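User: Hi, I have a protein model open and I'd like a quick tour. Can we begin with the pockets?

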Amino acid sequence: MNCIETKNLGYRFSESQTVLSSIHLQVPEGSIYGFLGPNGAGKTTTLKLILGLLKKQEGSISVFNTPFDANRIEILKKVGSLIESPSLYGHLSAADNLEILRRIYRCPKERIAEVLEIVGLSGTGTKKARQFSLGMKQRLSIAVALLHNPPLLILDEPTNGLDPNGIIEIRELLRNLNNTYKTTIVISSHLLSEIEKIVSHVGILNRGVLLFQGTLQELQLKQAVSSGIRFGTSDPKKALSLLLEKGVKAELENSEIVLHTSSRETAAEMNALLVHNNISVFQMSPEKNDLESIFIDLTKN
């Protein structure tokens with residue numbers, strides 16, 4: 001079952017400026033869904049529509065298998081979110097910020113200490129939120145999102161402003177929430193190497209169009225078909241000409257030959273061909289198939 005599902009979701013700022021076009025988002029229950037895209041792709045707009053922060057223009061939104069429009073309040077009671085910059089009371093401490101929301105959510109008082117411990121802010125005492133670093137504010141905002149122990153978390157750039165240790169801690173926190181409590185997590189981030197370490201599913205958005213959606217493994221397998229082997233040679237132009245004469249799919253990229261095959265046997269044959277024609281081969285390496293490389297390839301094309 002999908003925890004979040006949109007159908008034909010569209011949004012435009014004006015007649016000439018379409019932000020989203022027919023987005024069919026499917027976030028499986030219990031998944032960690034990485035929502036990726038370049039700046040301006042429409043990620044934050046999509047998340048704002050799902051949370052009711054923007055008025056929907058086209059399509060439908062369902063959360064917990066329930067239409068959002070008619071059940072907005074009940075749905076939002078079960079959702080924790082962090083969208084764009086943290087929204088905090090600067091003149092209050094971390095605990096006091098959480099106390100205000102605790103009363104709204106009607107959580108037990110001990111929950112405040114629990115979430116502060118989870119995000120590593122238990123030692124801040126009476127220090128005012130306006131005195132916090134950006135990373136500390138980000139942690140407190142995540143604590144706010146976790147306060148009522150929601151089954152769904154929607155986090156827009158949750159590691160923004162965190163140092164490397166903080167990023168690792170948040171990564172482990174999200175993994176633990178997902179593994180222990182089966183919390184469904186939607187996370188957008190520009191740190192693709194971090195996203196790759198925690199997500200089970202991926203959605204890639206570019207210019208308002210959903211280019212791919214599925215498991216991380218499906219994305220890697222899909223792109224593996226078009227990946228290849230890179231050659232560094234003493235005469236790239238001559239090498240390319242020889243390969244094309246043999247009917248091999250290849251191209252010149254950054255003074256290197258990219259052979260469009262993942263077959264080691266074919267690569268070995270082409271290496272022998274080049275050497276036989278007095279072209280030195282300095283390097284043979286597979287094209288990268290990590291999330292960052294796949295993301296760049298998809299959005300570039």
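Predicted model: local features only at pLDDT ≥ 70, side-chain atom pairs only at ≥ 80, totals over all residues.

User: Which helices and strands supply at least two residues of the lining?

Analyst: The helices are α2 (72-76), α3 (94-105) and α5 (134-146). The strand is β7 (79-82). The largest share comes from α3, with five residues.

User: OK, new topic. Which residues touch the most other members in the largest nonpolar core?

Analyst: Leu98, Leu140 and Leu174 do. The core has 44 residues. Helix α5 gives the most to this core, seven residues.

User: What does Leu174 contact, leaving aside neighbours within four places in sequence?

Analyst: Leu174 is in contact with Ile32, Leu153, Leu155, Ile185, Ile187 and Ile198. There is also a second, separate core of 28 residues. Among its members are Ile4, Leu25, Phe35 and Phe64.

User: Leu174 again: which cavity does it line?

Analyst: Leu174 lines the largest cavity. Other lining residues include Pro158, Thr159, Arg171, Ser189 and Glu194.

User: How many cavities of 30 Å³ or more does a search of the whole structure find?

Analyst: The search finds one. About 100 Å³ of space lies in the largest cavity.

User: And which helix gives the most to its lining?

Analyst: Helix α6 does, with four residues. Both α6 (164-181) and α7 supply at least two residues each. By class, the cavity lining has eight nonpolar, two polar and two charged residues.

User: You mentioned Ser189. Where is it?

Analyst: Ser189 sits in the loop between β9 (184-188) and α7 (192-198).

User: Is Ser189 buried or exposed?

Analyst: Ser189 is buried. Its relative accessible area is 5%, and buried means under 20%.

User: What does Ser189 contact, leaving aside its neighbours within four places in sequence?

Analyst: Its contacts are Phe35, Leu36, Glu157, Thr159 and Ile195.

User: Let's switch to helix α11. Which of its residues are buried?

Analyst: α11 covers residues 291-300. Leu291, Ile294, Phe295, Leu298 and Thr299 are its buried residues.

User: Now backbone angles. What is the phi of Asn8?

Analyst: Asn8 has a positive phi of about 50°, although it is not a glycine. Most residues other than glycine have a negative phi. Asn8 lies in strand β1 (residues 2-14). At 42% relative accessibility, Asn8 counts as partly exposed.

User: What about the phi of Asn149?

Analyst: Phi of Asn149 is near 55°, and this residue is not a glycine. Asn149 is in the loop between α5 and β8 (152-156). Asn149 is partly exposed, with a relative accessible area of 45%.

User: One more asparagine. Where is Asn271?

Analyst: Asn271 lies in helix α10 (residues 264-276). Its relative accessible area is 23%, which makes Asn271 partly exposed.

User: Which residues does Asn271 touch, not counting those up to four places away in sequence?

Analyst: Asn271 touches Phe231, Val281 and Met284. Also look at Leu243, 28 residues from Asn271 along the chain. Their C-alpha atoms are separated by 10.0 Å.

User: Last one, zooming out. How many helices and strands are there in the protein?

Analyst: There are eleven helices and 15 strands. The C-alpha atoms fill a box of roughly 80 × 45 × 35 Å along the principal axes. Of the 301 residues, 46% count as buried. Take the contacts between residues at least 6 apart in sequence: 68% of them join residues at least 24 apart.

Definitions and conventions
Residues numbered from 1 in each chain as written. Heavy atoms only, no water. Core = buried A, V, L, I, M, F, W, Y, C linked by side-chain atoms within 4.5 Å. Buried < 20%, exposed > 50% of the residue type's maximum accessible area, 1.4 Å probe, protein only. Contact = heavy atoms within 4.5 Å. 1 Å grid on protein atoms, 1.4 Å probe; cavity = no way out; pocket = protein on both sides within 12 Å on 5 of 7 lines; lining within 4 Å. Points joined across faces, edges and corners; volume = space filled by probe spheres on them. Nonpolar A, V, L, I, M, F, W, Y, C, P; charged D, E, K, R; others polar.
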